[in-house]
Amino acid sequence: TTPVPSVSGIEFADSDDAANILGGAIGWTPPVDVSFITGYEVYMAHDVDNSYGRVVLDSAGESVVPVGVNRLSMQTGTARQTKNEAFPANWLLVFTRTIAGLQLVAEAAKLPLYDESTAVPGFVGLSSVSFFDTDADPATIGGTVSWALAEGVDLGFTAEFGVYLGNATAGFFGPSLGSVSRGANELAVPPGTVAFFNTHMLVHAENKNGRSAAVVSVQFQEFDGEAIVTWTSTTSSSTTSSLTSTISTTSTATATTTSATTMTSVGRVAFADTDGAPNIIDGSVMWEPPADPSAVEGYEVYMAYDEDNAYGTVVLSASGEAAVPVGMNQLGIRPGTERRSSHPDFPANWLLVFVRTVAGLQPPSQAGKLALYDDGSAVPAMIGMSGLSFYDSDTSPGAIGGTVRWSIAAGADLAFATGFSVFLGNASAPSARPSLGFVERGTNELLVPSGTACGFSTHVLVFAANSYGISAEAEAVRFQEFDGSAIITWTSTTGTFSTTSPTSTSTSTATSTTTTATTTSSTATSTSPVTSTAAAAATGTFSTTSPTSTSTSTATSTTTTATTTSSTATAISTVTSSGAAVATGATSIKPVDCLVHGKGPQQVFLVAGGYQVSQLTISTGVYQSIYTWPFKRSSSYTYDRLNACGISPRDNISYCCMSVVGAGAYLVRFDNLNAEFVAKLPVWGFTGTFDGDGNYILIESSKLYEVWRPDTLTGYDTFKGVSKEVDRKVTMQRSVGADVNAVRASLDGIEHEWLVSLGSGDKQIHAVRRESGAVCTLKDPSGLLPSDTFGSAWNFQGEMFFSRDAGGGVFKVTLLTNSCTKDGIASALVELVGSSNKTRNNDGMNCLDNENPRFMLECQTGYHVEGTSCVKNVCTCNYGSPAMGDACPDIAAHRCEACDEGHHLTSDGMCEPNLCECDHGSPAV
């Protein structure tokens, strides 16, 4: 039989942005020969086989489209559904009808049905994923990733599938392998693709609003021709096992297929106590639901002494219920709920959110957890500690370095504190205390960078802290300052000190005739670094002991010509000078020309074979390439990831966090030809920036790391020469977005430095107070922010901009004073100011001192800004055709291009009725 002619070129764009409701017209190109065609019919169905197909009616309620009318305008409010509600409509099919009836399904024209909405896909909708590695090279892969659709899956909100390398827990943040349109259920991975320590193929459902939170993954085994290399992502190590002779001679690849992974734990947990009374909590506990809630029957919230749910008690809702239904994702605590565990000696310090399935309540190790903060409207009391220690490992006189560590006493009440503030000071005068930093509750140590000036301090002091201040009391530990050959023990109460060599000890004391002034002559005539520091700090006698001999001298101070304050300043200046890092001198890395490429926003993003540095063309949203950094630029190393980039305001050189294959993460400075390694980083991350002082900031998960003034560090052409590590680490209250800006602002009533990012998928602005790690989450009252990832951030003299990964916009965010106070509005000003194209695995950087490059679009005459595009003007017109483009200079103007019959066009663009002339009667109009 001769096949019935088919239509081609089906087009449909849903004009109704409500989920599961369709609007608009379906159009198509008719067959070349329509002599046998009597009409057309359109169906929406679950699959390409027209399963459960339902006919689509036009605006007049008709199902048959006449020949010559090659479109069907849907009825308003058409539901996207098939004849079976369990099988959603995923496809449109256009059939031709002849005298013999409707053509066969196999011959009908087909189009994936995309339901326009404002949401990201809720799930992936795949039953399995498989990957066959056919690349015999070690550490590289090649082959085809393929997947199967789950039965009854709803694909209406999915435009494409994105495929990524990563680990089972890494989600879409791994390197992108590309994306395919819906309907193509496989993606080719080119041979030679670097796998490194990635263990899984990850597949997300995607649309213009972003990616699904859920992911379907498959763990793969890397085939090197002779052995299967199985990477262990948790330790970044690998094991190999030789193939048997049978496998070696008959197999060229190993395939691993797994079913879709179901995550049964909740995500981020949030709670803010709205009751200002101590030991009483109120408000709502909220959480992100599991990626796949299909096995979830409900949730339960407990408050407990620790993260293991010790002495846990269930938290009841306002209606007295313990169980939270699926889909609710929050529990409004019953007013007046007492903060307590089931044991009177062990207070409630933690909130835990459990998932309940048919198997029962999940174990505590899998529950979502949050440190419980009880807002008592007051500074906290000191938290009991069972131990506090500090050992000075800095060998410079007058400077210290090392780690302050403490342990919490059993039964301690932690809930009134958000963290700990650590200071230098004296046990007898805790008010005179230079700050060493803040760490979040749960982190019981703080790194003191080498070269920290200790002045005349004798103790390290640890205070409990919250938003109201620090505790009145502190835990203190006396330290001994080590100068490389002797240990200096300061005695602040008597004005004496002693030094001890590693092999002998000798001390002496004397009475000072003055206790309020220091002797300038002692400072000036001292020849020993130890003696100089001591003379500036004390009035009285001192002794020094060397390994081989002992000398004692006595000095009495009676002059008052130099104050303690000036002596302290001298000591700090000396320490700063002696403790400074060695400058690099002339580096081979060229700075960015901030008047050319650095004038506008730059972006670093993944391309085939490496990473590309590009500059955004503001008027078009297109990124123009500046240069590309291949993965194998140098013979001494290969890298696989580059992100967390920034341009230092000190030297205008580009710096990034680089992941070196087999060697970990490093901070590198680079230009188009060369790179220098300057510091070893504890982790690789994609969120980083510079502050205004030229300090580098890296954020990974909830950890913040700092490298101070990398422009002063020695650069090496290979990672093997680098010994420098991070200067500071802070644990934040939560993770942040994909890129970040560092700005100073008075969000909480006092000016601090804040690290600001846009949340990935939550349409909110997250501001982290840098010195403490405390987080303030701000809303977008404009509703402009899409539910998407913002991988590029730019800061022009404190003005912040963020680019959407999926394309379609650059957003400006302006912080509002006091918005994070108790009475603040908890929001920020958001503006859509420009265009940007879609990119992946990207990061933003720019010259911080440059002025705002003016992102706002400017359109040519006859066009206007609509969203992030220039759209042709269309004027209004009565009794004719409206003027468009150049003929319509103002979109609000009334101007016609042509007039209907019986009307004529006036000089000012109006269509007026024709008026005929008539003698002895009424003129025709």
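I looked up Tyr666 first: at 6% relative accessibility it counts as buried, a word I use for under 20% relative accessible area, with exposed over 50% and partly exposed in between (1.4 Å probe, protein chains only). The model is predicted, and I note that local features need pLDDT of at least 70, that side-chain atom pairs count only at pLDDT 80 or more, and that totals for chains, interfaces and linings use all residues. Residues are numbered from 1 along each chain as its sequence is written, and side-chain values use heavy atoms, with hydrogens and water left out.

Next I searched the whole structure for aromatic pairs and noted 23 of them; rings of Phe, Tyr and Trp (its six-membered ring) pair if their centres lie within 6.5 Å, and planes under 30 degrees apart count as stacked, over 60 as edge-to-face and the rest as tilted. Phe423 and Phe463 are both buried.

I then returned to Tyr666, whose ring centre is 5.6 Å from that of Phe719 with the planes at 40°, so the pair is tilted. Tyr666 sits in strand β53 (residues 664–670), while Phe719 sits in the loop between β57 (703–707) and β58 (728–731), so parts 53 residues apart in sequence are tied together by the pair. Phe719 also counts as buried, at 16% relative accessibility. Ring pairs link Tyr666 and Phe719 with Tyr637 and Phe677 into a cluster.

What lies over the face of Tyr666? I found Lys680 there, at 5.0 Å from the ring centre, where a charge sits over a ring if NZ of Lys or CZ of Arg is within 6 Å of the ring centre and within 35 degrees of the ring normal. Elsewhere, Arg339 lies over the face of Phe416, at 4.8 Å from the ring centre.

Last, I followed the strands: an open sheet is formed by four of them in the order β51-β52-β53-β54, with antiparallel pairing, and two strands pair if DSSP finds at least two bridges between them. Its edge strands, β51 (639–647) and β54 (675–681), each pair on one side only. Strand β51 is joined to the antiparallel strand β52 (residues 654–660) by six bridges, and I noted Leu642 standing opposite Met658 in β52.

Note on methods
Helix = DSSP H or I, 4+ residues; strand = E, 2+ residues; numbered from the N terminus.
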